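Okay, thanks for coming, everyone. Let me put the thing up on the screen and then we'll walk through a few spots together.

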Amino acid sequence: MSKGRYGIHGGQYIPETLMNEMINIEKSYEFYKNDLSFKKELNDLLNNYAGRPSLLYFAEKMTKDLGGAKIYLKREDLNHTGSHKINNVLGQVLLAKKMGKTRVIAETGAGQHGVATATAAALLNVECEIFMGKEDVKRQALNVYRMELLGAKVHTVTSGTMTLKDAVNETFREWTARVNDTHYVLGSVMGPHPFPMIVRDFQSVISKEAREQILKAEGRLPSAVVACVGGGSNAMGMFYNFINDKTVKLIGCEAAGHGIDTEKQAAAIARGSLGIFHGMKSYFCQDKYGQIAPVYSISAGLDYPGIGPEHANLHDTNRAQYVPVTDNEAVNAFEYLAKTEGIICAIESAHAVAYVQKTASAMKKDDIIIICLSGRGDKDVAAIAQYRGININE
Amino acid sequence: MSKIHNAFNKGKAFIGFLTAGDPSVEKTEEFILEMVKAGTDLIEIGIPFSDPIAEGTVIQAANIRALSAGTTTDKIFDMVKSVRQKTEIPIVFLTYINPVFKYGYEKFFASCRQTGVDGIIIPDMPFEEKAECSSEAKSNGIDIISMIAPTSEKRIKEIASDASGYIYVVSSMGVTGMRSEIKTDLNSILHSIKEVTSLPAAVGFGINTVEQAKEISQTADGIIVGSAIVKIIEKYGSDAGKHIYDYTKSMKEAIL
């Protein structure tokens, strides 16, 4: 029977060649997630290698400047490798090793997940190959070299639109060719069951910490938590431990690119419809015949036509709200946070900052917002400069 | 009993695949009729999809050519309707779940029945997700063809005992595409299948030479050839008809 459902979403829509592996991974994960030595090993890596817990930082200047709700930033950008991606890859690569795998493969868009996977593979001594769309290889040359420095082999994907969705396609294809010794470290809360669950669990450390930290700092829960959403892994991590706190609003910021009414966007909730792709039933940008639409965002990490199934269900049940944020709003927020708080965040995370910039002033002074600052922005500096018409050499 | 049964009545079956709309739906109809003339026992028609994750580079490229030419599911149904006026050859669609889901299961399978499609292969709908559209397929008399892979192991029996039409045995790990060598122990897979079902089992993925066709048809009930035919279309485009005929004829003769 069908497994891994979130309301009507989720499931396991993948080729038969991979089905036995899905069953193996689920079994292994169900065992190791309760295994004391696995948990200890993972915790040790998270605390002593990745630098957890990450800070919950009170953005006092931004709060004063906007003049409304109190704003906190959950600083996932301060993790080793510069984003929340490390939380998931350390868990998955460790799990892969326990399963006897000697090789990991992964897709990457902006390169953050690729770098994180290559890092975990270097540390834990497994072979690593990364699939990255040709467009992204061009946009993120520095990250390509980073992955190579870490010992990974980077494959340039030239099929389809040559971006993140095509990198996912190609990684699945590679996995069907060599599944016995290889684990696919899926980078987001997407794909066939058990991936949306595994990635969410490994990322839920974000909200586990944030909930404790805010209770300690303020003695009460926030009014809202806000995160950017592509596939949705940092958002799911940020939301998860607040889902049962009904007073806490969960807000996901989708990439609206040039605008929600244009074709240059990647907003699966605002513009997508129900579909089945990359192993899951969820919302996707697609045409009336079910062909997946080419999507666009200034942020390579949000440049994906779908959204994870648990998000789709949080949307259906009105537990979370998903809002579109344009390139222009995100770039403004990127610059605003740099000037106001001295923090250069990832352009992905800037989508969440932009939403708060727009809405915080209308909220009450005793409201509290936590923004998940999912990554740091070094990788985006050249692209932002270009957006402003300035050409710089990295 | 659907027409699919007929494909396996006259000895070993040759099953030819092509992508609809490559280079145009009109040409697809012509190529299908060439394949029928050359002795093909069943035709698999690929409905192109933007992201065919089970396909190798040859069929991926055909999907792009077909979609770029403006091929849609509706145009493919029209083409099948036209083919049906000329031949009784069993026809099976191969496509991904999303184009079927988005079209609407009831509407899709009713159109299959009305135009004369006999079955469907959906590579990204494994056994666990069959309930997705099995009732709509069944009520319209369309067989859902199950796939069994080299990794299926213990799953072979549950898949085979719930199958209809024929069993699609995936010869190798990986995606579709021509292979010089097929290393899987097909005999043991075919043996496990035969223990639980009397349905015919056809082997696909990688087969492209006369020698492979001969060897595999010793034990399998049929062979499925896709990428080799699509490669001919890639090479000759609109003029591929007579080349498809020659190739199909040589392959069919090899398994007689």
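Predicted model: local features only at pLDDT ≥ 70, side-chain atom pairs only at ≥ 80, totals over all residues.

So, chain A has six strands in an open sheet, ordered S3-S4-S14-S9-S10-S13, with mixed pairing; two strands count as paired if DSSP finds at least two bridges between them.

Residues are numbered from 1 along each chain as its sequence is written, chains are lettered from A and ligands numbered from 1 in the order written, and side-chain values use heavy atoms, leaving out hydrogens and water.

Back to the sheet. S10 (residues 249–257) of chain A runs parallel to S13(A), joined by seven bridges. For instance, A:Ala255 has A:Val325 in S13(A) as its bridge partner. Packing on the sheet is helix H10 (205–218) of chain A, which touches S3, S4 (70–75) and S14 (368–373) of chain A; contact means heavy atoms within 4.5 Å. The H10 direction makes about 140° with that of S4(A), where axes are lines fitted to C-alpha atoms, for helices over the stretch in contact, and angles run from 0 to 180 degrees between N-to-C directions. Helix H15 (347–359) of chain A packs on the sheet too, touching S4, S9 (224–229), S10, S13 and S14 of chain A.

Over to chain B. Which residues does B:Lys10 touch, not counting those up to four places away in sequence? They're B:Asp41 and B:Lys252. B:Lys10 sits in the loop between helix H1 (4–7) and strand S1 (13–19) of chain B, and counts as exposed because its relative accessible area is 54%; the cut-offs are under 20% for buried, over 50% for exposed and partly exposed in between (1.4 Å probe, protein chains only).

Last stop: strand S7 (201–204) of chain B. B:Ala201 and B:Val203 point one way, B:Ala202 and B:Gly204 the other, and all are buried. S7(B) pairs in the parallel sense with S6 (167–170) of chain B over four bridges, and B:Ile167 has B:Ala201 as its bridge partner.

Notes. Helix = DSSP H or I, 4+ residues; strand = E, 2+ residues; numbered from the N terminus.
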